[in-house]
Amino acid sequence: MKSNSFTEENYLKAIYHLSVDSAVAVQTNAIADGMHTKPASVTDMIKRLAEKQMVNYTRYQGVTLTDLGKKAAINVIRKHRLWEVFLVNKLNFKWDEVHDIAEQLEHVNSDILIDRLDQHLNFPRQDPHGDPIPDKNGKFEDISLIKLNKLQPGDKGMIVGVMEHSSPFLKHLEKIGLTLGTDITINDLTDFDGSVELLVSDKKLNISREVAKNILIKL
């Protein structure tokens, strides 16, 4: 079987991310938004992926990944997250600098290279943003996380992940001291704007609802 193209892999990954929290088929407009392209281009690619038995597609009913497509998508995600760990841990990149580079490296088509990379990194379970790294069999570790904005006053936990991977957001978190491994306590919530007052090392810190909903906490 021929390997998938970079573009095909990007589509499979996008469909996986859009479908992982939903039991319904992914609509082509949602894929177009995620890929920053036109719906007509999405339809053409979906038909190509359907011919390769990577997706199930019925017009007007959306798209789902086949087992083959899901396996391919998870493999790309595994490579992306392992490369991010390598860039941060071995090459001293910051966590806000690695996403775009990993987007290129994730398409390296060598299973033995990725397996040895995994071994070299001592089989990490999370990437620098806290996202779980699937093993070589495509299995994710089951970690129970909650968004910071869903917590209540008095709740305590540790920052273990982020939903937003953009460089400005990650730089902002680093600037205010809310990086992975930081222990936090919810001190107060503001109903008016959804802002949250935290206690971090006995110091009060106010963050917006937008920031809070993109931080993942392990209680």
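What follows is a series of questions and answers about a predicted model of a protein chain.

Visitor: What share of the contacts in the protein chain with a separation of 6 or more comes from residues 24 or more positions apart?
Guide: The accessible surface of the chain comes to about 13000 Å², and carbon and sulfur atoms hold 48% of that area. As for the contacts with a separation of 6 or more, the part that residues 24 or more positions apart account for is 63%.

Visitor: Are helix 1 and helix 3 roughly parallel or roughly perpendicular to each other?
Guide: Helix 1, residues 6-19, packs with helix 3, residues 39-51, at an angle of about 95°, and their axes are 11 Å apart. Angles of 65 to 115 degrees fall into one class, and therefore the two helices are roughly perpendicular.

Visitor: Which residues of helix 3 make the contact with helix 1, and how does the contact divide by class?
Guide: On the side of helix 1, the contact is made by Thr 7, Glu 8, Tyr 11, Leu 12 and Ile 15. Helix 3 contributes Ser 41, Val 42, Met 45, Ile 46, Arg 48 and Leu 49. By class, the residues of this contact divide into seven nonpolar, two polar and two charged.

Visitor: Is Met 45 buried or exposed?
Guide: Met 45 has its place in helix 3, and, leaving aside neighbours within four places in sequence, Met 45 is in contact with Thr 7, Glu 8 and Tyr 11. Although Met 45 and Glu 8 are 37 residues apart in sequence, their C-alpha atoms are 7.4 Å apart in space. Because the relative accessibility of Met 45 is 5%, this residue counts as buried.

Visitor: Which residues does Thr 28 touch, not counting residues up to four places away in sequence?
Guide: Thr 28 is found in helix 2, which covers residues 28-35. With a relative accessibility of 17%, Thr 28 counts as buried, the cut-off being under 20%. Beyond four places away in sequence, the residues that Thr 28 touches are Val 42, Thr 43 and Tyr 57.

Visitor: What is the handedness of the crossing of helix 4 and helix 6?
Guide: Helix 4, residues 67-89, and helix 6, residues 111-120, pack at an angle of about 45°, with 10 Å between their axes. That angle makes helix 4 oblique to helix 6. The crossing of these two helices is left-handed.

Visitor: Which residues make the contact of helix 4 with helix 6, and how many of them are charged?
Guide: Helix 4 brings Asn 75, Arg 78, Lys 79, Leu 82, Trp 83 and Phe 86 to the contact. From helix 6 come Asp 111, Leu 113, Ile 114, Asp 115, Leu 117, Asp 118 and His 120. By class, six residues are nonpolar and two are polar, while the number of charged residues is five.

Visitor: Is Asp 118 buried or exposed?
Guide: Asp 118 has its place in helix 6. Leaving aside neighbours within four places in sequence, Asp 118 is in contact with Arg 78, Leu 82, Phe 123 and Pro 124. Since its relative accessible area is 9%, Asp 118 is buried.

Visitor: What is the relative accessibility of Leu 151?
Guide: Leu 151 lies in the loop between strand 3, residues 146-147, and strand 4, residues 156-162. Not counting residues up to four places away in sequence, Leu 151 touches Ile 146, Ile 184, Ile 186, Leu 189, Ile 217 and Leu 219. Leu 151 counts as buried, with a relative accessibility of 1%.

Visitor: What is the phi of Asn 92 and of Asn 122?
Guide: Asn 92 is found in the loop between helix 4 and helix 5 and counts as exposed at 65% relative accessibility. Asn 122 lies in the loop between helix 6 and strand 3 and counts as exposed at 61%. Most residues other than glycine have a negative phi. Asn 92 has a positive phi, as does Asn 122, with the value for Asn 92 near 65° and that for Asn 122 near 65°.

Methods. Residues numbered from 1 in each chain as written. Predicted model: local features only at pLDDT ≥ 70, side-chain atom pairs only at ≥ 80, totals over all residues. Heavy atoms only, no water. Axes fitted to C-alpha atoms, helices over the stretch in contact; angles between N-to-C directions. Helix = DSSP H or I, 4+ residues; strand = E, 2+ residues; numbered from the N terminus. Parallel < 35°, antiparallel > 145°, perpendicular 65-115°, else oblique. Left-handed = near helix turned anticlockwise from the far one by under 90°. Contact = heavy atoms within 4.5 Å. Nonpolar A, V, L, I, M, F, W, Y, C, P; charged D, E, K, R; others polar. Buried < 20%, exposed > 50% of the residue type's maximum accessible area, 1.4 Å probe, protein only. Areas by Shrake-Rupley, 256 points an atom, 1.4 Å probe, with all protein chains shown as cover.
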